[in-house]
Amino acid sequence: MAISKKPFAALAVAALATTLVACGGSDGDNGGGSKSEGTAGGNAIFYNGVRNTEHWDPQRMYIGRDLNNSGRLFYRSLVAYPASNDPVKGTTPIPDLATDTGTSEEAGKVWKFTVRDDVKWEDGKAITCEDFAYGASRNFATDVIIGGPANYLFTYLDIPTGKDGLPEYKGPFKKTGQDLFDKAVSCDGNTITYKMKKPWPDFPQSIASLRYLDPYRADLDKGDASNFQIISNGPYKLDGKWTEGTGGKFVRNTNWDAKTDTIRKALPDTWQFKEGDTEETIYEQFLAKTGDANFGVTERRMPPTFYSRIAEAGKLYTKVESPFVDYVLPNFNSPVFKDIKCREALKFATDKTAWINAGGGERAFTPAYSAVNPSVPGYEKNAAFGDIPDNGDIEQAKAALAECSAPKPVKIKFTYSGGTPTSDKQASALKAAWDKAGFKTELDPLADTYYSVIQKPDADFDVTWGGWGADWPSIGTVIPPLFDSRINITPSSNGNDYGNYKGGPEVDAMIDAAYAETDLTKAASLWAGVDAKLGEDVAYIPLEITIFNFLHGSKITGYSNNVSTNGYADLATIGVTK
Amino acid sequence: MTIPASEMEGHAVPPLGESEEGVAGKVAGRSPTQLAMARFRADKLSMISFYVSCFVVFAAVASPILVKIGVFDPDGLNQDKLNTDLGGIPHGAFGGVSWSHPLGLTPGNGEDLLSRLSFSMTYSLGIALTGTLITVLIGVVLGIISGFSGGFVDATVGRFIDLTLSFPQTMMLLALAAPTVLLIRKDVSELPLLGFLENPDLANGLFVVIILSAFGWPPVARVVRGQVLSIREREFIEAAKLIGASRKRLYFKEVLPNVWAPILVYTTLLIPAYISAEAAFSFLGVGIKPPTPTLGNILRDSVSWTTADPTYFFLPGIVLALTVVAFNLVGDGARDALDPKTHR
């Protein structure tokens, strides 16, 4: 079914990523945007805003915005989602570079796709089955290809694991165990076969939602140096170089044939990606209906300072509930939060209402009671958080803090994705609540790079902020990517487990049991059980579900916040008028 | 009657010379200090600015005490007084002005703006004054040594000044901020008596002071050197040398008292420059971090509320402008008073 992806820091704070089933629906004043057909030609702009793209390497991307945009403009996969706002259609893969949506054998343990023979890279070379196999192999080079959703292949692909729980194949750079990989992923002419350890009915959805199985060119792979290299096979290619902090310009790729592609309309002649503009700059231009932003769309949410002017925007305003949940994570490596009592004190002291109000109120957020978004099938309120008032329980917090082993007052450092007035305000609101309970909080806003800092296992913080959306509507794409320490934690990175949570054998066994359950309803309740255990351990503290409030440029046509792109603008259908 | 002058001098400089108090008779002799103070007092604009500056200093000193006893609450949330439908703009006219919050509330969190602005003066003035003192100290010492020694020493100091001036100060500030502050908090704070630097606000503040002084002293040194060049040829210096005065005595007992006037002027002009520099640094995200109120942090937050909450947008700007103008005019007044021959 469906969707989604991962977090990313939004501007204001929170942010995130992707979608879920439910999302599209959204509430009353939801707008879908201009429903008109897009118009061809012209130059369109996408504003990354102050949150730079951290990877353009398909196997390293895990931010919803970048996954969506690259998939719509320059990276194609075997299968992809059609541009649709229908919760079912928008999350059902259709063929893209493959001739069909894949055939499975042995009850989902073997998947076969046939690559089209009329598709080419931007330099004119044909896209081969070997390119897909090579792309898949890069997921295993965890010393170089960092940041992506490698956990899925680790969990499923039929490659033996060593004593450390990691696959014995170490990627195409070291080539250790290459024969093991070649057995699991093999090519026969144009047909690629993936062999799994266990049935994986969601496999095509994972390909459409993420970019981790995109093809890659072995002859152009420079490892980490390829992080911003874009080898296009879609309608646009990068003109010149990508510059971090500035962006880049995409022009038409003459080796892309519209006849091979039913998804991407590729209407504008160029797409300019801009980094570095503040939300205020972008939104002032949207409202004034002048300036470059007139031809632009963005993934930055509208700052609360603009809420009183929404009426001015008219049809340019759209609102959808996102598939993301924001939460804070106590750092299990910190001397304070090693102790469960200290984590419980933090849980009780956390004031969701203050955080939400500081970030713009009910228009911007709705409270969350689990790391899982309610739109994911099998969602249950996490009992550990459901009973606490939204504004916290100061008495219980003080009681728990009294038993906390850390020296009083308990000094903690909160590292968050900052750099905008709204995020700083929200952080101060949380700090005020924590301090009231007896913590002494230091705020540590990170402005430019966020995830690469908190992914370091020895990073110096006690609490951090994170946001996540299901990769597709299954709790199995929420809990293991975030909290399965076997796939997240390596000596150099904690993956997406920013709080360095280690569940130990008990949690590992629960995760394995949930994965092994093929009945989706039973699996959902097993996942809810894992979530309950995470709640007991206070592995995370849920804050809210982001509501997307967007404007777009007045010259944009064909605008839609599709389910297929996690509630963000779907670049596949957008055009600009002159 | 001497209160204003001694207050003023108290910030930066000891008295110019002993005034001959108690000279009786109808023809009272007046010392240069008395003359200068009389000229200063006669200038209305300077006096008004002086009172404004005193008020700011008073706010800076009193705020921490008022926060301690609970009169001011710069970090307390009053979200119940905000309109959450409109993104958190305070209910009520002019940004939520009321008896309990005379300047209104901040949007989003509803903190008391008067408390924040007043408390911000403590940080902003603290940084500006400390920075000014260190700047002047370095500038004066290097200026006297350079001007008096001449030759190789003078040339070396001169080149050092050129080098410092050619450094890209803002770049250095941005690039060095994180590692330096970490160094201060982790290592420097281990030293005896410096434990307080573990506090992030003080560590960040110290970093700003270091940058301001490290790049602010060359103009002071140049002015002092220029003065010293003419003074060192005077007879009393020759006389002192002949009776075998030590270098230290020559520098600080013979030369220094004769360059007080330009130093005083420079000092009073540096303070407002540093107040606005501190605000600019906070605005850029270096220096003391939010939510601690400094003028820059408040401004950084307020600029996005231009249209949604104009009161909140304008008040911090007005406070910064008034403060800087007042200190500047005091500096100008001091220059006119001490050196009436200079024309602006």
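Predicted model: local features only at pLDDT ≥ 70, side-chain atom pairs only at ≥ 80, totals over all residues.
## The largest nonpolar core

The largest nonpolar core contains 243 residues. Among these, A:Ala345, A:Ala349, A:Val478, A:Trp527 and A:Val530 touch the most other members. The element that gives the most to this core belongs to chain B: helix α5, residues 113–149, with 13 residues. In chain A, domain 1 (53–272) and domain 2 (323–547) both give residues to the core, so the core lies between these two domains.

Leaving aside residues up to four places away in sequence, A:Trp527 touches A:Gly378, A:Ile475, A:Gly476, A:Ile479 and A:Ala514.

## Where chain A meets chain B

Contacts between the two chains involve 26 residues of chain A and 23 residues of chain B. On the chain A side, the elements that give two or more residues are α9 (352–358), α12 (421–437) and β15 (439–446). Of the residues on this side, the largest share comes from α12(A), which gives seven.

Sorted by class, the side of chain A that touches chain B consists of eleven nonpolar, seven polar and eight charged residues.

## An annotated span in chain B

An unreviewed UniProt entry lists residues 121–331 of chain B as "domain: ABC transmembrane type-1". In the model, this span is 79% helix and 0% strand. The C-alpha atoms at the ends of residues 121–331 of chain B lie 19 Å apart.

Methods
Residues numbered from 1 in each chain as written. Chains lettered and ligands numbered in written order. Core = buried A, V, L, I, M, F, W, Y, C linked by C-beta atoms within 7 Å. Buried ≥ 20, exposed ≤ 12 C-beta atoms within 10 Å, placed from the backbone. Helix = DSSP H or I, 4+ residues; strand = E, 2+ residues; numbered from the N terminus. Domains from an automatic or database assignment. Contact = placed C-beta atoms within 7 Å. Nonpolar A, V, L, I, M, F, W, Y, C, P; charged D, E, K, R; others polar. UniProt positions renumbered as here; feature names shortened; annotations may be inferred.
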